[in-house]
Amino acid sequence: MGCGVSKSSQFNKNSRKAVTTIRAAILIQRWYRQYVARTEMRRRYTWHIFQSIEYSGQQAQIKLYNFLGYLMDNFTPSSTERNLISHIFREHEVCLDAEWERYFCYQTIEVPEVYTGPHLTFPLTVEQAVGLLEAFRNKKQLHSRYVLQLLLETWKLLRMFPNINRISTCQSKVITICGDLHGQLEDLLLIFYKNGVPSLERPYVFNGDFVDRGKDSIEILLILFSFLLVYPCDVYLNRGNHEDHLINLRYGFTKEVLTKYKIHGKRILKLLQKIFSWLPLATVIDQKVLVLHGGISDTTDLSFLARVDRHSYISALRPPKRRNNSSAGVSIDTDLEEDVWSTSRIYQRRNSLSFPKPLGPRDCFHNRSLQDFSGRIKVKMEDELESRRRRESLFQTAVNRSEKDLLSPSTSTDSTSSDNAKEEWRLILDLLWSDPMNQDGCVPNEVRGGGCYWGPDVTEEFLNRHNMQLIIRSHECKQEGYEFCHNRKVLTLFSASNYYDVGSNRGAYVKLGPDLVPYVIQYQASSLTRELTARQSIGRTERSALKVLREQLFAHKSDLICAFKKFDPENTGLVSMNDWASAVERVMHLNLPWRTLFSQLVSSKSNDGSIDYQDWFNELAIKGPNADHIEQSLLETLYRHRATLETIFRIVDTDNSGLITVEDFRKTWKLLSVYLKMEITDEDISNLAVTIDSNHDGSIDIDEFMEAFRLTDKKSRLERGRSMFMVTTTDLTKLEGELNV
């Protein structure tokens, strides 16, 4: 009996221990699931912040270009405002190819004996291409003579290629496809290390967006072009939306080239404009897989696309111009759209790119000044509706005219040509700028400002019509480097790892064999990511995103205060959390989960949960330049539209010297005031100019100006830009302990 009692006691003891163990396991499991859920939530809203701000910038760039294009179309040719920006629209200079080759001549450029970089001879060999790769790996720079020579040879070769390359897996067995690289040389080097450099047995397709954002865009182009010259039948380059000189003005490539090649940078950029326009638009593998940068629309037709003059589209943001020959034999650029036919746009297929609505026939603008336009652009809704009715009436009147009165045979031909060219432009725009969506249909892409969103039904119809099975596209950063959608019939591929910040995303490339089943290889190029824990990586990316967001919020301070006051009629200085979130979204238009972000952005609140919004702006702890004497609204405009202002400066800087005169500085601000529909006085602009022109030489350094008015988030100890990535694990560990993430 004693023994039995002992066994029973032991059994009860073990049972209680087992129950305790199970409860502990359940608690650990519950805690872990909550931890994973919170981590995933943080990762998603961090990603959402980065993407929202990125797409907002693209939208601003397209709006600015539309505005500048409108000025070109509607201002007298002799106006100073038009002259300020006209050079960026000179897309069809009257030059024969031989004249262009003389302009790009490299033979007069001498290579000094002290030059230690790579030397090139043509025709290029594979050893030289690999040597160039190694030189760039070791941070060496190619001399401008060799750059121009290599680019000139590339231009000659690209002119021989069709709009759509067609390749087969039967000879090589496996084709490697890479997505966006965006100037990140370390990603390209890692791909070649893992997969091997291009060769006869190892063909590559690079799917656009080689440049911008990263610091090594020109090096990536030179590497790809060198392998293209060595293996013209085994290296394929598709054009992306960033292979566009107007996009390059905003996103860094123009500045990079002019910084690295101060003497011959202008010629290099001009030659690259022509090269970009000759890049093929798509690649078809085994007649079954379509590789293109952006996407398709409900009107995409490959047979039509194969016939377009792709080199006419120096920039895909604007329809090309038609050239007419005058009696003197001089080529004159004119708009594709005649005045009367421009009014018919409202009857045509949806516009992929949202152009400003016309304000009447061009004749009525011949004597307009910038000030006249400033008043005109602030038209009330009633006036706009009346204007639209007048345009429709004008169009109807034109249609009802007799054919004899309205069109001569030549103008009839021109009108047909105009319609075809506009349709071509829409197809190319969709090809470079579009994104897939989960819903059926095809709608304008208002988030980016260009291209369209297309649904699974459009994909299905397109693949059936062309007897294909898969679309591989890029254009969108994905956290895993790739993403399938539309029943796995569309694959998005992105090869720039750590795109927003270290640890923010993986890069990926695809290997495609004869079975046409994509095999995805993922990677992260930065060695720092391998040293970070998951918590450190997410925390770092989150801090970077919140830093950018706080700067955006501070730059909209005046508008936010006005929005808060609408929820605070008694002027108590307090708003609730829900009202705070509503006001912030109403001003920012970023479609972010503000209630989720509330705890990260607002650290102090009253006992009842309300927020003192004046104290909140102090909490943001944004430090600007010492500019107390500068008018506050002007300063806030500078913070908010910094990228747009820099783009206009780059446009005004016609000689690419990095300097503009004080007078051009004033004109630039006047241009910006019209674009933003706000009043900026001459006195405010003069005060700003005096502040920047410290040495009183009458010139303003663009880079110094932009750096002088860069916002600095005091809550972050990391520097802004790509330099913020260059920290150690020890630094991150310290930050991890200091910041409550």
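Helix α5 (residues 144-158) has 15 residues and spans 21 Å from its first C-alpha to its last, close to the 21 Å expected at 1.5 Å a residue; the expected span is 1.5 Å times one less than the number of residues. Helices (H or I, at least four residues) and strands (E, at least two) are DSSP runs numbered from the N terminus. This is a predicted model, in which local features need pLDDT of at least 70, side-chain atom pairs count only at pLDDT 80 or more, and totals for chains, interfaces and linings use all residues. Residues are numbered from 1 along each chain as its sequence is written, and side-chain values use heavy atoms, with hydrogens and water left out.

**Helix α5**
- Of the 15 residues of α5, 12 are buried, so the helix is largely enclosed by the rest of the structure. Buried means under 20% relative accessible area, exposed over 50%, and partly exposed in between (1.4 Å probe, protein chains only).
- The buried residues of α5 include Tyr 146, Leu 150, Trp 155 and Leu 158.

**The sheet**
- Six strands form an open sheet in the order β1-β5-β6-β12-β14-β13, with mixed pairing. Two strands pair if DSSP finds at least two bridges between them.
- β1 (164-167) and β13 (482-485) are the edge strands, each pairing on one side only.
- From one strand to the next, the twist averages 20 degrees.
- Four bridges join β13 to β14 (residues 490-493) in the antiparallel sense.
- Glu 483 has Thr 492 in β14 as its bridge partner.
- Helix α17 (residues 456-466) packs on the sheet and touches β6, β12 (470-473) and β14. Contact means heavy atoms within 4.5 Å.
- The direction of α17 makes about 115 degrees with that of β12. Axes are lines fitted to C-alpha atoms, for helices over the stretch in contact, and angles run from 0 to 180 degrees between N-to-C directions.

**His 293**
- His 293 lies in the loop between β6 (289-292) and α11 (302-305), and is buried with a relative accessible area of 0%.
- The side chains of His 293 and Asp 209 are joined by a polar contact of 3.2 Å. A polar contact is a pair of N or O atoms within 3.5 Å; within protein, one must be able to donate a hydrogen and the other to accept it, and residues adjacent in sequence count only if both atoms are side-chain atoms.
- Not counting residues up to four places away in sequence, His 293 touches residues including Asp 180, Arg 239, Leu 431 and His 475.

**Gly 252**
- Gly 252 sits in the loop between α8 (245-251) and α9 (253-260), and is partly exposed at 28% relative accessible area.
- Gly 252 and Asp 212 are 40 residues apart in sequence and 5.3 Å apart in space, C-alpha to C-alpha.
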